[in-house]
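The sequence and structure are shown first.

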Amino acid sequence: MATRPLEGKTALVTGGSRGVGAGIVARLAADGARVAFTYANSPQRAEAVAAAAAAHPIRADSLHEQDIEAAVAQTADRFGSLDILVNNAAVGTFATITDLKMAEIDAMLTINVRSVIVAIRESLAHMGSGGRIINIGSINADRTPFPGQSIYATTKGALASLTRGLARELAPRGITINNIQPGPIDTDANPADGPAASTMLGVMAMDRFGTAAEVGAFVSYLAGPDATYITGASLDIDGGFGA
Ligand code: NDP
């Protein structure tokens, strides 16, 4: 039987209780990694994901720096190392800049960008050569076809820049960092049968939403032994949304 590609590796995924994050947790675990993941508001769903993947759930709100610090420390303590960090947790409130409340803008900036910086900074204390950092950005960083996406797109553009900059800092340590940019993926945040679905399909090459499992497979590839020469990249998985 072939060795599972992530056997012996340890991973932390933020926002693993639902959607794309749950798909990432499932795939990393299936490929042999020991996986911890954070969640904030969905404890029952977190327990279900943890049970299905034999993963370790950690309640940690990405709004709070201390929660992220504790989640990284708990993961490193439990597993004795941290090889793979996946920054997936994010929120999107879609409205024009004049209609958004400042609290909604602050939440997007804090959860989608600041918490990613904190998680990376904390994880680096435990990550050695061969480490992999994977951010979940969005194709909206490059293409924002509809009004009401500007601040969310700003946060995802920041991840692309952060990824490029940190690639320069981390390559000497043998650590890669990449940014996956999904297009429409069928989740609670963006259901394939939701009111905006037909509008999105109208600007895409493929006539369907993607799945969390498809993103999980891409993450596993970037975390795995075949992706040694990829760093600083923003890579689309978007059904041709950005084509
Ligand atoms: P969902 O809203 O379906 O799930 C979000 C996940 O993040 C949940 O597990 C949630 O946990 C967690 N989360 C949210 N806020 C916090 C917080 N403050 N602290 C900790 N965890 C939190 O989103 P998706 O699965 O659709 O999106 C996942 C990622 O993919 C995001 O980065 C998103 O920007 C990106 N993406 C998604 C696309 C899509 O079409 N779905 C397209 C492009 C990018 P809980 O419920 O426990 O709080």
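## The ligand and its shell

The model examined here is a predicted one. In this model the ligand is surrounded by 31 residues, the closest being Asn41, Ser42, Asn88, Tyr152 and Thr187. By residue class, the shell consists of 14 nonpolar, 13 polar and four charged residues.

The side chain of Ser17 places an N or O atom 2.8 Å from a ligand oxygen. Backbone N or O atoms also contribute: one in Ile185 lies 2.8 Å from an oxygen atom of the ligand, and one in Gly15 lies 3.2 Å from a ligand oxygen. On its own the ligand has 890 Å² of accessible area, of which the protein covers 93%. Two or more residues of the shell come from each of the elements α1 (19–30) and α5.

## The aromatic pair

How many aromatic pairs does a search of the whole structure find? The search returns one. Its members are Phe94 and Tyr152, whose ring centres are 5.0 Å apart. Their planes meet at 65°, and an angle over 60 degrees counts as edge-to-face, so the pair is assigned to that class.

Phe94 belongs to the loop between β4 (84–87) and α4 (102–123), whereas Tyr152 belongs to helix α5 (residues 150–170); the pair therefore ties together parts that are 58 residues apart in sequence. As for accessibility, Phe94 counts as partly exposed because its relative accessibility is 48%. Tyr152 has a relative accessible area of 15% and is therefore buried. Tyr152 is also one of the closest residues to the ligand.

## A charge over a ring

A further contact with an aromatic ring involves Arg143 and Phe241. Arg143 lies over the face of Phe241, and its distance from the ring centre is 6.0 Å.

## A positive phi at Ala54

Which backbone angle is positive at Ala54, although this residue is not a glycine? The angle is phi, with a value of about 50°. Ala54 is located in the loop that runs between α2 (43–53) and β3 (56–59). Is Ala54 buried or exposed? Its relative accessible area is 72%, and Ala54 is therefore classed as exposed.

Notes. Residues are numbered from 1 along each chain as its sequence is written. This is a predicted model: local features need pLDDT of at least 70, side-chain atom pairs count only at pLDDT 80 or more; totals for chains, interfaces and linings use all residues. Side-chain values use heavy atoms; hydrogens and water are left out. Rings of Phe, Tyr and Trp (its six-membered ring) pair if their centres lie within 6.5 Å; planes under 30 degrees apart count as stacked, over 60 as edge-to-face and the rest as tilted. Helices (H or I, at least four residues) and strands (E, at least two) are DSSP runs, numbered from the N terminus. Buried means under 20% relative accessible area, exposed over 50%, partly exposed in between (1.4 Å probe, protein chains only). A charge sits over a ring if NZ of Lys or CZ of Arg is within 6 Å of the ring centre and within 35 degrees of the ring normal. A residue is near a molecule or strand if one of its heavy atoms lies within 4 Å of it. A polar contact is a pair of N or O atoms within 3.5 Å; within protein, one must be able to donate a hydrogen and the other to accept it, and residues adjacent in sequence count only if both atoms are side-chain atoms. Accessible areas come from the Shrake-Rupley method with a 1.4 Å probe; for residues, only the protein chains shown count as cover. Ala, Val, Leu, Ile, Met, Phe, Trp, Tyr, Cys and Pro count as nonpolar, Asp, Glu, Lys and Arg as charged, and the others, Gly among them, as polar.
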